[in-house]
Amino acid sequence: MSEAVTKRTEEYLAERGWTIYRLSRESLLPVSTLRNLYSGHTKSPTLSVVFRIAETFGVSASEFLNSPCFYPENLELE
């Protein structure tokens, strides 16, 4: 799940020309939280983190999750 959230986040970052540091500042999520997500240390991000990221990008959580990244066949479920 972490890879899917990271991939989707990267799509939105690229659209806006943002870095994870900008996302951290705008979302009020600690940089360490985002780094752990990107490095794979966080295997299953919490819904509150996903909701906060989506909200920061100005999209609903359902819009954020509406991507082939999140199709069951594309997820590595443990």
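Author: Happy to. This is a predicted model, and in the chain the confidence is lowest in H3, with a mean of 91, and highest in H2, at 96.

Reader: And what is the mean pLDDT of the chain?

Author: The chain has a mean pLDDT of 90, and 97% of its residues reach 70 or more.

Reader: Good to know. How many helices and strands are there?

Author: The chain has five helices and zero strands. Read from the N terminus, the elements go α-α-α-α-α.

Reader: What about the radius of gyration?

Author: The chain has 12 Å, which agrees with the value near 12 Å that a compact globule of 78 residues would have. The C-alpha trace spans about 35 × 25 × 20 Å along its principal axes.

Reader: Nice. Which residues have the most contacts inside the largest nonpolar core?

Author: Those are Val 5, Ile 53, Phe 57 and Phe 64, in a core of 20 residues. Helices H1 (2-16), H2 (20-27), H3 (31-39) and H4 (47-56) each supply at least two residues of this core.

Reader: Let's stay with Phe 57. Is it buried or exposed?

Author: Phe 57 counts as buried, because its relative accessibility is 3% and the cut-off for buried is under 20%. Leaving out residues up to four places away in sequence, Phe 57 touches Thr 9, Tyr 12, Leu 13, Arg 16, Trp 18 and Leu 23.

Reader: Switching to ring geometry: how many aromatic pairs does the structure hold?

Author: It holds four aromatic pairs. One of them joins Tyr 12 and Phe 64, which are stacked at 5.8 Å centre to centre with 15° between the planes.

Reader: Where do Tyr 12 and Phe 64 lie?

Author: Tyr 12 is in helix H1 and Phe 64 in helix H5 (residues 61-65), so the pair ties together parts 52 residues apart in sequence. Both Tyr 12 and Phe 64 are buried.

Reader: And the rings of Trp 18 and Phe 57?

Author: Their centres are 5.7 Å apart and their planes at 35°, so that pair is tilted. Trp 18 lies in the loop between H1 and H2, and Phe 57 in the loop between H4 and H5, so this pair ties together parts 39 residues apart in sequence. Trp 18 counts as buried at 17% relative accessibility.

Reader: Which residues form the aromatic cluster?

Author: Tyr 12, Trp 18, Phe 57, Phe 64 and Phe 70 form one cluster.

Reader: Last one: what share of the residues counts as buried?

Author: Of the 78 residues in the chain, 38% count as buried.

Technical notes:
Residues numbered from 1 in each chain as written. Predicted model: local features only at pLDDT ≥ 70, side-chain atom pairs only at ≥ 80, totals over all residues. Heavy atoms only, no water. Core = buried A, V, L, I, M, F, W, Y, C linked by side-chain atoms within 4.5 Å. Buried < 20%, exposed > 50% of the residue type's maximum accessible area, 1.4 Å probe, protein only. Helix = DSSP H or I, 4+ residues; strand = E, 2+ residues; numbered from the N terminus. Contact = heavy atoms within 4.5 Å. pLDDT = per-residue confidence, 0-100. Rg over C-alpha atoms; globule rule 2.2 N^0.38 Å. Phe/Tyr/Trp six-rings, centres within 6.5 Å; stacked < 30°, edge-to-face > 60°.
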